[in-house]
Amino acid sequence: MGIDKLFLERRSMRSFSNKKINKETIIELLNAVRLAPSAVNYQPWRFFICSTDEIKQQIVKSYPRKWFEGAPLYIVACADKSQSWKRSFDNKDHGNIDVAIAVTHLILKATELGLGTCWVCNFDESILKEALNLDNVLEPVAIIPIGYPTEEISDESPQPKKRKSIEEFTEWM
Ligand SMILES: Cc1cc2nc3c(=O)[nH]c(=O)nc-3n(C[C@H](O)[C@H](O)[C@H](O)COP(=O)(O)O)c2cc1C
């Protein structure tokens with residue numbers, strides 16, 4: 001799929017069929033993550049691939065929403081603060097930026113493979129950390145529910161996107 005079509009096709013999907021996602025497909029998504037750029041190429045991320053009922057129930061407790069319960073797979077993307085690059089002038093940690101880029105790769109690849117995804121950051125961090133038994137250096141950045149879209153919302157023509165105009169977010173100098 002060309003990149004412009006991919007940009008239009010990708011949208012937040014909040015309804016999934018219960019069809020499972022096979023391991024080869026998940027590996028394709030993770031290969032897209034591997035190719036993401038990162039500060040100093042440190043690749044300071046850790047991805048948790050969560051598909052058992054037990055772990056999924058724990059994850060849902062961190063973001064209890066009806067639509068969120070139905071995903072066959074959740075991928076939790078974490079920044080590893082022990083590996084991330086910190087800018088020398090002010091110690092700014094770039095781990096979250098790197099993980100956001102990696103997640104964007106994953107999501108665009110998922111779109112190309114016909115999968116629906118949604119960024120979820122509005123979770124209770126302490127519940128999520130406990131569910132995954134996360135080490136202190138790992139900061140959960142996003143939960144990505146992934147699944148095949150249900151038929152009613154997987155129509156061929158992408159919905160128009162509500163976005164700012166270019167003028168609204170640029171300064172030309
Ligand atoms: C960093 C980030 C965090 C988000 N967190 C949530 C969330 O917690 N729950 C949710 O339903 N959607 C969440 N979204 C999805 C946005 O609402 C969505 O991307 C935006 O409304 C644009 O719609 P679109 O993705 O369909 O183009 C998040 C998106 C981003 C990029």
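**Exercise 1. A helix and its cover**

Task: Name elements that cover the buried residues of H5, and then list those buried residues.

Solution: The cover of the buried residues of H5 includes helix H1 (3–9), helix H2 (23–34), strand E1 (45–50), strand E2 (73–80), strand E3 (116–117) and strand E4 (138–147). Helices (H or I, at least four residues) and strands (E, at least two) are DSSP runs that are numbered from the N terminus. This is a predicted model, in which local features need pLDDT of at least 70 and side-chain atom pairs count only at pLDDT 80 or more, while totals for chains, interfaces and linings use all residues. Residues are numbered from 1 along each chain as its sequence is written.

The next step is the list itself: the buried residues of H5 are Gly95, Asp98, Val99, Ala102, Val103, Leu106, Ile107, Lys109, Ala110 and Thr111. A residue is buried if 20 or more other C-beta atoms lie within 10 Å of its own, exposed if 12 or fewer, and partly exposed in between, with C-beta atoms placed from the backbone.

**Exercise 2. The length of H5**

Solution: Just after H5, Gly114 takes a positive phi of about 85°.

**Exercise 3. The whole chain**

Task: Describe the order of the elements in the chain, and then its overall dimensions.

Solution: The chain has seven helices and four strands, and when it is read along the sequence these follow the pattern α-α-β-α-α-β-α-β-α-β-α. The C-alpha trace spans about 50 × 50 × 30 Å along its principal axes. The radius of gyration is taken over C-alpha atoms, and the globule rule is 2.2 Å times the number of residues to the power 0.38. For 173 residues a compact globule would therefore have a radius of gyration near 16 Å, and the chain has 17 Å, which agrees.

Of the 173 residues in the chain, 27% are buried. Two residues are in contact if their C-beta atoms, placed from the backbone, lie within 7 Å. Among the contacts with a separation of 6 or more, 81% are between residues 24 or more positions apart.

**Exercise 4. Positive phi and exposure**

Task: Where are Asn41 and Asn133 placed, and are they buried or exposed?

Solution: Most residues other than glycine have a negative phi. Asn41, although it is not a glycine, has a positive phi of about 55°. Asn41 lies in the loop between H2 and E1, and it counts as exposed because it has 8 C-beta neighbours inside 10 Å. Asn133 is not a glycine either, and has a positive phi of about 55°. Asn133 lies in the loop between H6 and E4, and it counts as exposed because it has 9 C-beta neighbours inside 10 Å.

For practice with another class, take Lys129 in helix H6: with 18 C-beta neighbours inside 10 Å, Lys129 counts as partly exposed. Lys129 touches Leu134 and Pro140, not counting residues up to four places away in sequence.

**Exercise 5. The ligand**

Task: Which residues surround the ligand, and how do they divide by type?

Solution: Arg11, Ser12, Cys118, Trp119, Val120, Cys121, Asn122 and Lys161 surround the ligand. Ala, Val, Leu, Ile, Met, Phe, Trp, Tyr, Cys and Pro count as nonpolar, Asp, Glu, Lys and Arg as charged, and the others, Gly among them, as polar. The shell then divides into four nonpolar, two polar and two charged residues.

Technical notes. A residue is near a molecule or strand if its C-beta atom, placed from the backbone, lies within 6 Å of it.
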